[in-house]
Amino acid sequence: MVQGFSSEPGVQGPVTEVSREGQRKITFWAAAIALGGFLFGFDTGVVSGALLYVKQDFDLNSFEQGSVVSVLLIGAVIGASSVGRLSDRFGRRKTLGVIGVVFVIGTATACAANGYALLMAGRVVLGLAVGAASATVPVYLSEISPSKVRGRLLTMNQLMITLGILVAYLVNLAFSADGTWRAMFAVGAVPALLMVAATLWFLPESPQWLISHGQDDRARRAIASVTDEATADRLIERARRRIAEERKKEKTDPGATGQGTRKLLMPDVRPALVVGLALAAVQQLGGINTIIYYAPTIIQQTGLDASNSIFYSVFIGVINLVMTLVALRLVDRAGRRVLVLVSLALMAVSIFLLGLAFVVGMNSVLTLLFMVVYIAAYAGGLGPVFWTLLGEIFPPSVRAAGSSVATAVNWVSNFVVSLAFLPLASAIGQGETFWIFAGICVLAFLFVGRYLPETRDRDAEQIQHALHARFGHEPDPSAPAAGHRGR
C-alpha cells in the first residue's frame, strides 16, 4: 500500500510490517480486484468458440467474422484511454464498480442480439469495460501491494486473465455440442456481478489515492487494518512528502503542471513512457492474440472439425494458465527483466517454427506443439510481466495516466493485429504471417536488452533512477541509489 511497505531488498521470508492475517486480507482484496482481469480474459477468449456458430446463424462473411472479434478492441481502446482520468477523480474502487456494471450491460446486449448489428453493439460495450479494467486493475493492485510481494500480486492480474481465457474455452466446449453461443457469452455475467458486489461491500479504496485527495484518516485506517498504526503513520508521512515535492515542482516548472497525460511528456517521465508504450505494443505485435482469438480456426485448418478444434484449444488454455502460475512464482525471485528476455527469445523461435509448419505442411501434432511452446513462452514471461511493469515503471503522480495510455496502445496494437491477421494470412500465407511476428519478437528482445532495467525490490524513485541510467541520462543526485541488481 502506498507503493510498498519497505524498500529493503530481498524476497525471502515474511513481509515483516504486515501480519499473516494482513497478508491474507491483501491477497483476498487483490483476487477480487483481479476479477477485472478474469473478465478481460473471458470476454476476449469466449468469442473464439462462439464465432464458429455465430457465423452460421447470422451468415457472416470473413470481414464480418473478423469485425465481431476486433470491434471489442475498438471499445477497449476508448475504455483504456479514458478511464485514467475517471480513476484519478473518483477513486479506484468506484471506477472498478462502474466497470463491472458495464460488463453486465455488454453481456446482456450480446446475448440478446438478433443480428450482426446488435451483436457488434454488445461487443463494443464489452470492449469499453475490458479496456477500462485492463488499465485500472494494475494501478489498483500496485497501490495496495507491499513492495516485497508487489510482483506476485500484480502478476495475479495476468493469472486471472489466463484463467478467464481457460474458463472461456471450457464454456465453449461445454456448449459446443448444440452450438448455443448465447449461453457462452452469458456466463460472463457471473464474475461481473461478483466484481460489483466486491466494490460495494468489502474492497478498500487505494490509500495512495486517498492521501493524494487529502483523506489521510481513511488511508490510515486502511493501512492499519493490515499492519499497525506506526507503519501507517510512517507510510502516510512518506507519501505526503512525495506529494509535497511534486506540487512544489509544479510551481517551479511550468512543464510539470496540467493533467496527468500532459505530465507524461515531461523529461523525467519520458523514459518510463517510452518503455511502457514499447512493451504495450510488443505484447500484442508479437502475435499472441492471433493464437488466443483464432486458436480453433487455426487448428481447424489442420484438418480437425469445429468441435475437436475447440477441444484442443482447451489444452492451449491450460498451458497458458500453468505457465502463468510459474511466472507468479518466479517474478519476485528471478526478476522482471530476465523473464521478459527469455520469454521473447523462446517466442521468436517457436512462432518461427509454427510458421514453418504451415509453409511446409507439417502434421497437426507438430503444429499444436509449436503453438503450445509459443503460448508457454509468452505466459511464462512477457504476458504477466508486462502488467507487473505497468504498475511499477511510472511515477506515482502519473501512474493512472501512464497505465491508461500504455493500455490504450496495447489495445490499438491488439486491434491492428486481430483485424489484419486473416486478410494478411490470405494474402501472403499463414506461415509467412507468423514469420513477421517472429521478426518483431527479435526486435523486441534487442529493445528490452538495452532499455528495460530491473524493477524487483525497488521503490518508485529507484526505478526512475535506473530508467534514466538506461537511457544515458545524468542521474538525479537526490534520487536514492538503485542498487546493483540488473540495472
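This is a predicted model: local features need pLDDT of at least 70, side-chain atom pairs count only at pLDDT 80 or more; totals for chains, interfaces and linings use all residues.
**Exercise 1.** How do helix H13 and helix H21 lie relative to each other, and which residues meet where they touch?

*Solution.* Start with the axes: H13 covers residues 270-285 and H21 covers residues 460-470, and their axes come within 9 Å. Next, take the crossing angle, which is roughly 80 degrees. Angles from 65 to 115 degrees count as roughly perpendicular, so that's what H13 and H21 are to each other. Now look at who's touching: Pro-271, Ala-272 and Val-275 from H13 meet Gln-464, Leu-467 and His-468 from H21. Sort the residues of this contact by type and you get four nonpolar, two polar and no charged.

**Exercise 2.** Is Leu-273 buried or exposed, and which residues does Leu-273 contact?

*Solution.* First find Leu-273: it sits in helix H13. Its relative accessible area is 11%, and buried means under 20%, so Leu-273 is buried. Then skip its neighbours within four places in sequence, and you're left with contacts to Leu-264, Leu-265 and Phe-394. Finally, check Gly-402: it's 129 residues away along the chain, yet the two C-alpha atoms are separated by 7.0 Å.

**Exercise 3.** Which residues touch the most other members of the largest nonpolar core, and what does Leu-119 touch?

*Solution.* The largest nonpolar core has 121 residues, and Phe-103, Leu-119 and Trp-181 touch the most other members. Now zoom in on Leu-119, ignoring residues up to four places away in sequence: its contacts include Val-54, Phe-58, Ala-110 and Trp-181. Apart from this core there's another, of 10 residues, including Leu-210 and Ile-223.

Key. Residues are numbered from 1 along each chain as its sequence is written. Side-chain values use heavy atoms; hydrogens and water are left out. Axes are lines fitted to C-alpha atoms, for helices over the stretch in contact, and angles run from 0 to 180 degrees between N-to-C directions. Helices (H or I, at least four residues) and strands (E, at least two) are DSSP runs, numbered from the N terminus. Angles under 35 degrees count as roughly parallel, over 145 as roughly antiparallel, 65 to 115 as roughly perpendicular and the rest as oblique. Contact means heavy atoms within 4.5 Å. Ala, Val, Leu, Ile, Met, Phe, Trp, Tyr, Cys and Pro count as nonpolar, Asp, Glu, Lys and Arg as charged, and the others, Gly among them, as polar. A nonpolar core is a set of buried Ala, Val, Leu, Ile, Met, Phe, Trp, Tyr and Cys residues joined through side-chain atoms within 4.5 Å. Buried means under 20% relative accessible area, exposed over 50%, partly exposed in between (1.4 Å probe, protein chains only).
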